[in-house]
Amino acid sequence: MPLDALHLARGQFAMTAIFHILWPILTISLSAFLLVVEILWVRTSEVAWYRHARFWSKLLVLNFAVGVVSGIPMEFQFGTNWGPFSLFTGQFFGNILGFEGAMAFMLEAGFVGIMMLGWDRVPKGVHLFATAMVTLGSSISAFWIMVANSWMQTPSGVAVVDGKVVVTNYAKAIFSPDMVWGASHMWCAALETGLVVVAGLSAYYLLKRRNPEFFVRSFKLALLLLVFIAPVQIWLGDSSGVDVFKTQPAKGAAIEGHWDTNAPGTGASWSLLAWPDKAKQRNDWSIEIPGLLSVLGTHSLHGQVTGLADIPVADQPPMLPLLYYTFRAMAGIGFLFMVLAFWTAFALRKARGRLDALLAQRKLLLAWVLAIPLPYIAVECGWIVREVGRQPWVVYGLLRTEHAASAISSTAITGSMAMFAAFYAVLLSSFFYFARRWLKNGPDLTLRPLAAPPRQSIAHATVEH
Amino acid sequence: MNPVSAETLLSHTWFGLIGLFLVLYVVTDGFDLGVGILSLFRSKEADRNLMIQSIGHVWDANETWLVVLGGALFGAFPAAYAMLLSDLYVPVMVLIASLIMRGAAIEFRHAATGTRPIWDRVFGIGSLLTAVCQGVILGKVITGMLPGGLHAGFVAMTAIGVVSGYALLGATWLVKKTTGQLETAARRYATISVVTTVAAAIVISIGTLMLSPVGAERWAQAGVFHVLAALAIVAALACCYVLYSVHMGGENGPFNASIVLFVASFAGLAVSLFPDIVPGQLSIASAASNSSTLIFMLIGIGTVMPIMIGYNLYQYYLFRGKVVPVHH
């Protein structure tokens, strides 16, 4: 197919995916956070937790709607733009997407109505169950999507028969080498997103001194969870890095700007900063630390790290500087979250539960507000590393991207891309408009849960004339 | 049982399951798309509030049947998924855009105050366009995606048919869920849309006979005609019951009979297409994944199927009865 059409098809996928992923990461984590809040409410019966649940679920509603509608193009564009890919992988990849729809997406959709609109209709145990099902559904959804994507990174458990993938071993295909690391790294990234958003928005209210007694609860709860998750995420990132060097050497070399395979008995050097140049097949410049890449990439002093020079140019990923810097941005943000979480934990300890001592830490609170966009940037960077780094393959080692696209006219793709770009702009700006209003209105501190579980007559609503 | 017939049995089971997902989607999202289409005819915001409130808790799960359908088709019949979506690129993309309009508008209108009438129109137009695109896709599939003026006319007819059918489901849903003036109006809408739906269905059937590969080959086969005739009688009785119940003041009858009408129509469609999945272009056997995939999917999706239907029904049960105005 013509190269332009291929680039357009890739551009359309990138646009759809980059836009879509913004929403589910918050759905996954905010629903999990709400689950914790609701458990606290049910266990302690403190009305403040109930009000927190009501307050944050309004943000979840807005976010959820955009996530649902932006996910539909994801599911169908494999068929519209990537027909040959769908035909080649359908017996495994399509199967897994089917599982995602039936086991996860429907679970989420089936309970979200009760979670959002059922507050005064169901007893609190039932409501808690609905929240748990939405949380479970969104996390299972992430699991199956990562199963499908990891299989594209490290395909296993299949054979190619008559130009189509046939599954020979389901356990191996589902638990492909990348799956455990990929799925857990992505899930933790999603959790970090929501926790940083909750901590950041709570810090915003604390900075403004609006209902500080109320928001110190959500701030502390988010922090408590982040102190555990931030270091775990760094460990998962490191481990998936080692896995990438083993299973996808071209991607590993590309994200580190590493050209020459180290000789046995020596360590590969790591560049802190560099400018990789694919045309010249070397780095234009670099600041290197001898021996460190072997340690980072293989966890051993002299571990061999294959350089790009030993990989045919046709099999090297494109856009090396993009890969190199998005990887650094992602990793840097991961470390920043750990520093920020520990700094805050230290400050909270020093404050010894005194609210004014925390409110006096204005720099710290401001840092959290400024951190709100960072998890989103880290997730986008991570996906760019993952997807661009896999090129020129769409299924690593099995199917090249250039053989995977449908023969759609450039005009049709350009037209639909322009239409979706306009739609996404409207969705994003409307979301910000309504989220800003939600932020300005703040929590309703007069809300009370219904004293008694609803009776049958309430469920059967009657009309007032 | 020999291996060949086991394979056939599996792929036919999946053809049936895909048909079931399609019916579940068309009936459930059909009524809330229909409510959206009818909202275009209501100028009072209070009416639209009630109409949208009546579907607020279920539209998302209803739309999800389409996602389940898409995933199941991708896994069970990759060739059909790839062919249909690539060849129908433009209507599929417009369909997706319309679903975005509808879904975003329904949630944003709750948060909006001054701009609510605008979001309501976006909701209505998104619902209408969704129905039109689905009608176009249906028409294209029945005619085996052949070009030409007559085929375009047929496709226009299926679009009108789907819009009318969804309006019928939406109107009868509103009969069930609303009271007073709105209910009276819904009864009127139901009467009109049942007539247009039947008219479109007759034209579509004649068109299928004359224009589609289905009409020439499939309908002439022994047994097929009898099954289709029986389904047509069921559909005709359902239509009469809709009219009867709407005028006798039935609350649930019109909606239930409309569902029967839809199920009969889609059963007719499945019987007509069989053993092809895209008439004249792709057979079920050649589009199907191999047996190990079909079995694995059957285990995975078959086990969650009753659970899915169970919690969906629970949701309908919980929000049963007529809707009452809530203050936003």
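Mentor: Axes are lines fitted to C-alpha atoms, for helices over the stretch in contact, and angles run from 0 to 180 degrees between N-to-C directions. This is a predicted model, in which local features need pLDDT of at least 70 and side-chain atom pairs count only at pLDDT 80 or more, while totals for chains, interfaces and linings use all residues. Residues are numbered from 1 along each chain as its sequence is written, and chains are lettered from A and ligands numbered from 1 in the order in which they are written. The axes of helix α8 (residues 180–211) of chain B and helix α10 (residues 224–247) of chain B come within 10 Å and cross at roughly 165°. Such helices (H or I, at least four residues) and strands (E, at least two) are DSSP runs, numbered from the N terminus.

Trainee: Which residues of α8(B) and α10(B) meet?

Mentor: B:R187, B:A190, B:T191, B:V194 and B:V198 in α8(B) meet B:C239, B:V242, B:L243 and B:V246 in α10(B); contact requires that C-beta atoms, placed from the backbone, lie within 7 Å. The residues of this contact divide into seven nonpolar, one polar and one charged. In that division Ala, Val, Leu, Ile, Met, Phe, Trp, Tyr, Cys and Pro count as nonpolar, Asp, Glu, Lys and Arg as charged, and the others, Gly among them, as polar.

Trainee: At what angle do the axes of helix α2 and helix α3 of chain A cross?

Mentor: The axes of α2 (residues 24–44) and α3 (residues 47–81) of chain A come within 9 Å and cross at roughly 160°. That value makes α2(A) roughly antiparallel to α3(A). The crossing of α2(A) and α3(A) is left-handed. Residues making the contact include A:L30, A:F33 and A:W41 of α2(A), and A:W49, A:W56 and A:F64 of α3(A). By class, this contact has 15 nonpolar, seven polar and one charged residues.

Trainee: What makes the pair α4(A) and α3(B) roughly antiparallel?

Mentor: α4(A) and α3(B) pack at an angle of about 165°, with their axes 6 Å apart. That angle makes α4(A) roughly antiparallel to α3(B). α4(A) passes α3(B) in a left-handed crossing. Their contact has 11 nonpolar, 11 polar and two charged residues.

Trainee: How many residues of chain B are in contact with chain A?

Mentor: 52 residues of chain B are in contact with 58 residues of chain A. α5(B) gives the most to the side of chain B that touches chain A, with 13 residues. The residues of that side divide into 32 nonpolar, 17 polar and three charged.

Trainee: Why is A:N262 counted as partly exposed?

Mentor: A residue is buried if 20 or more other C-beta atoms, placed from the backbone, lie within 10 Å of its own, exposed if 12 or fewer, and partly exposed in between. A:N262 counts as partly exposed because it has 19 C-beta neighbours inside 10 Å. A:N262 lies in the loop between α9 (249–255) and β3 (270–277) of chain A. A:N262 and A:G307 are 45 residues apart in sequence and 7.8 Å apart in space, C-alpha to C-alpha.

Trainee: How many C-beta neighbours does A:H299 have inside 10 Å?

Mentor: A:H299 has 13, and therefore counts as partly exposed. A:H299 also has a positive phi of about 60° although it is not a glycine. A:M319, with 15 C-beta neighbours inside 10 Å, likewise counts as partly exposed; its phi is near 50°, a positive value. Most residues other than glycine have a negative phi, and most peptide bonds are trans.

Trainee: Which residues does a cis peptide bond join in chain B, and what is omega?

Mentor: A cis peptide bond joins B:F274 and B:P275, with omega about 0°. In chain A, the peptide bond from A:Q391 to A:P392 is cis, with omega near 5°.

Definitions and conventions:
Angles under 35 degrees count as roughly parallel, over 145 as roughly antiparallel, 65 to 115 as roughly perpendicular and the rest as oblique. A crossing is left-handed if the near helix is turned anticlockwise from the far one by less than a right angle, and right-handed if clockwise. Two residues are in contact if their C-beta atoms, placed from the backbone, lie within 7 Å.
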